[in-house]
Each structure stands twice: as C-alpha cells, then as structure tokens.
There are 2 protein chains.
Amino acid sequence: MVTSVTVDRTLALLWRNHRPLAPAAKGAGRRPSLDVNEVVATGIRLADSDGLAAASMGRVAKELGVGTMTLYTYVPSKDELLELMVDQVLGERELPGPGEPRTGDWRAQIELYSVQTQLMFSRHPWLSQVSPIRPPAGPGLLAGREYLLSVVSTLNLTPHDTNTAALAISTYVDSAASLAAESQLIERTSGQSHDAWWMDRSDLWETYFDVERHPAMTAIWNAGGFTAGPNEVAAESYSYGLNRLLDGIELKVQ
Amino acid sequence: MVTSVTVDRTLALLWRNHRPLAPAAKGAGRRPSLDVNEVVATGIRLADSDGLAAASMGRVAKELGVGTMTLYTYVPSKDELLELMVDQVLGERELPGPGEPRTGDWRAQIELYSVQTQLMFSRHPWLSQVSPIRPPAGPGLLAGREYLLSVVSTLNLTPHDTNTAALAISTYVDSAASLAAESQLIERTSGQSHDAWWMDRSDLWETYFDVERHPAMTAIWNAGGFTAGPNEVAAESYSYGLNRLLDGIELKVQ
DNA sequence: ATCAATTCTCGTAGGGTATACGAGAATTTG
DNA sequence: CAAATTCTCGTATACCCTACGAGAATTGAT
C-alpha cells in the first residue's frame, strides 16, 4: 500500500520524542541544518502571532533562513506539518497523568479539562481553524483522551457508556472552546468588537425585523432578556450548558 | 462611515425577498442578464456537488456563462455571496412559525430543530466549513432563533435564562451537526471510511501505544468498550449528550 | 588524496485564488 | 441622434503548494 508508507512516516514524526526517530543516520551525507522540532515550533509561533495563513511553507522557511523546499526534507507536506503543530499544542495541556495527584470530585476534574482546553485555544487561536475530524494520532491527543476517560471511569458506568459520555463531554467542551477562540480571533483581526459589529447592523431591527413574525424574540427583548453583550452571553451559556450536561449525566448514575 | 454603506447593501440583499430590493431601476441603461437569486442558487449548487472551493467567483461565472467580473454587479464580494448562500439554506429548514401548529412536548420540538438542522447540514455539507461567528443577519437566521426561543419560552424560565438555555442548545446541536457533516464530507472526498483510516494507523497501537501511560483506555479496551465504529459512537454520543443536556435543563425548571 | 555513496539544499515552473481598474457595449430618454 | 446610464468583462497583481532535478556538502574506503 502506498499510503501506509506515508502514514508510518507521520506516526514516527508524531511520536519522535517518545520513541527514537529512526536508526539515527550516522553514515555519510550532508549534515542537516535544522530538525523537525524547530520547524514545528516556528510554524506554531507564526500561526500564534500572525494567523494560520502565516504558517505557510514559504513563510516558515523564510523565518528559518532556508529555501522553501528545504522544509520538505524534515516534513512530508504542509498537511503533516499542521498535524505535528496540532499534536504539539494538544500535549501542552497540563492534565495529570496516571498516578499523579488529582483534586476535587469528578466535576472539578472535568472542569480542569475545560479550563486547560480553553487555555490551549486561547493561546493558539488558529486551532479553531483546524478540523477536529481525523486528528493527529499522536501523544498529545492520547493524553487528553486518557485523562477524560480516567475521570469518567470513576462514575462506574458500563465501559461503553463511559466512552459515550466522555465523547459527549469532549465534543461539547472542544467545540465551545473552539468557537470562543475563533470569536476572539475575529475581534482581533477585524479590529472590531462584536458589539460594534451588531451596532453596524442596527438597521436590521429598525428596517427589516418584523415583530409579527418574531413574537418570542420580541417578548424577550421587551422583558430585557437581551441586555448582555454577545461575549458575556456566550461565556454564560457555555458554563450553563456544561453544568446542565454534567447534571444530566449524574442523574443517570444513581 | 465607509463600512455602513457595505453593510446596508448586504442587509438589503439578505432581505431581498421580504422587502423590495431597491427603487426598481426603471430608467436608462443596459438590462441585467442575471439576478441575485440565480447567482446564489448557482453558488449553492456548485458547493453542494463539488465542495465549497467550487463556489469560486470564476467557477460560478463560468457556470452562468458570463465573465468573472460580471458577478460583481450582483454581489459586492465573495464574502457577501457566501453570506447569501448561508442565509438561504438556513431558511430552508422546515420549522413552524408563530401561530403554526406544533406537535409533542418541548423536548420533541427541540428534537425537530435538531433533525432539521442535521438535514440542512447533510444536504449542504459545505456549511460545516463556514464560520458560525458573525452569521448573516438575514431572515433564515432569525427564523431559526425565533423557533428555538419560542420553544424554550414555554419552560417559563426568566427571559435571560431562556436566552441562555436556547443558546446552549443551539450551540450543542449546531456544532454536532456541523461535525457530523464534515465527517461525512471527509469520508466522501477522501474515498476512505474512518474505519479504514484507523486501520491504516494500527501501528499506533502496535508500536507506539504505552499501556502504562494509558490505563483507563486500556481497561475500557479490554472490557470491549471500543467495539463500535467511529460513526456509530459519534451518533450515539450526540443523542446521549443532547438528552442529558435537556434532562439537566428540565431539572432546573421544577 | 581521490572517488563513490549518501544526504541535504533549493530555484524553477505550473495551476489555483479574489478583485481594482477602466474601456467598451447596450439600452432608454430627451 | 446624442447623452446618460448601467451592465460586461480582460488584464494584471500577489499569494498558495509542491514535483522535479541539479548542485553542494560530508563520510568512509581505497
């Protein structure tokens, strides 16, 4: 199979800091001027400061002072570089591993996952622009899943339900954190707050909004239910939703 | 303000089928060969069949048999065209409006929102690649929010909490539907099922996975908790999570 | 000292994207 | 029939990724 070779190479790169990369290449040949970690770190740094588009092959190469094509010695393609960047930051979440001390009940431990994930997205907003389908099969991803499964395991659900519940939680938390990061990113890069953005659209209410067609919205508006700004509402609805989800899970345990 | 002019134009385009577009332009000048609806419909059709990238200005123009720059007569920019496409499909969800008959309790009505949203994403998978932050302020978006708020309003929460709960629900449902659509899209365009994708990575477990470092995963694995395929697990965790979320909300009502 | 083998380096070329600008074509009104 | 108005669209610019292949650097053997 052709793909298997590529996949094997990618797996080896992802786990490069856990298992020795290759037979170490001691023989003849020109010495490399970089290593994979430098390339990945530069990609992350550029994406952090100038957006995901800035982590282009050309820009990363320029930053490292080499020709664009030189990067292809260290990384098979742009897609693989992105995978390495993602697994790297997934692994930077500070979550206790097996045997390490934990504080609080299971809900507090889920909260830690939530906080660390939000912190990760807020430090690396470009993550919100990367698809979470078919994530990098590296140490960072596995560490996160292990932590979450270990917490949910304490509820003594069936193994199958443990997996289901953990996935429901991580989907909710990861999606919301991704949205929050994207939201902040857009405020920064557009130079316009969401408040100001809605202000710009005040004509929506004055000219186009039809009270007859939107009685529920109108009622809530008149009762002062829309006074908070977009960011506060989003943050509040996130923790409200997470707490209701955990309530619902707890309800099924007893 | 410069932006206001653009925004006004976009709002007028979004609401073009509700309020007459402009003073109708009866005077002199060359007659237009297209109208906005044709452009939007063509963009949607191309994106549906060949992916979001196929809805490029050049491709849409070619499909309509005109030069690329001609489109800019009908639509201010690519971004605005995408907004129009999105609001169009948001409005195609079949949700009862005010005064129209509804069936079942509030949970069944939330379920309807969930089903219609999933249907929308499954018919228009490219939606999963469009950011839901700063959505088009058009009739389609407002109809969806009105429906959801009208359902949650029947719970008699405070107006503020009604808004918070509705947002938590729509964030969960929309995110999950988006992920499901993206997941299917990737299976189709890559020509490889997720099962096959994981098979390709069997080396992960054989070569790199460390049992010591992942006891919770190992335990669930050994107990047969991972037997279902990725798609089944995702679907199951979605409805599990939604039901637990609604349980949690109901719990707070009483 | 020289040569072969090996490995890293990187310029060029090709096919894609959105859109500012301005000249030209078509149509109605006076 | 000329003026005014509106739509049409070719050209040019500045990015993106990466296949290919020639050249440079290094080691070990003779």
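In the predicted model, chain A can be laid on chain B with an RMSD of 0.0 Å by a turn of 180 degrees and a shift of 0.0 Å along the axis, the copies being superposed by least squares on the C-alpha atoms of residues with pLDDT of at least 70 in both. That is the relation of a two-fold axis. Because this is a predicted model, local features need pLDDT of at least 70 and side-chain atom pairs count only at pLDDT 80 or more, whereas totals for chains, interfaces and linings use all residues. Residues are numbered from 1 along each chain as its sequence is written, with chains lettered from A and ligands numbered from 1 in the order in which they are written.

Between the two protein chains, 63 residues of chain A are in contact with 63 residues of chain B, contact meaning that the C-beta atoms, placed from the backbone, lie within 7 Å. On the side of chain A that touches chain B, at least two residues each are supplied by several helices, including α1 (2-14), α6 (139-153) and α11 (230-253), where helices are DSSP runs (H or I, at least four residues) numbered from the N terminus. The largest share of that side, 16 residues, comes from α7(A). Its residues divide into 30 nonpolar, 20 polar and 13 charged, with Ala, Val, Leu, Ile, Met, Phe, Trp, Tyr, Cys and Pro counted as nonpolar, Asp, Glu, Lys and Arg as charged, and the others, Gly among them, as polar. Of the interface residues of chain A, 100% are also interface residues in chain B, so the copies meet through the same surface.

DNA strand C is surrounded by 28 residues, the closest being Gly29(A), Arg30(A), Ser33(A), Gly67(A) and Met69(A); a residue is near a strand if its C-beta atom, placed from the backbone, lies within 6 Å of it.
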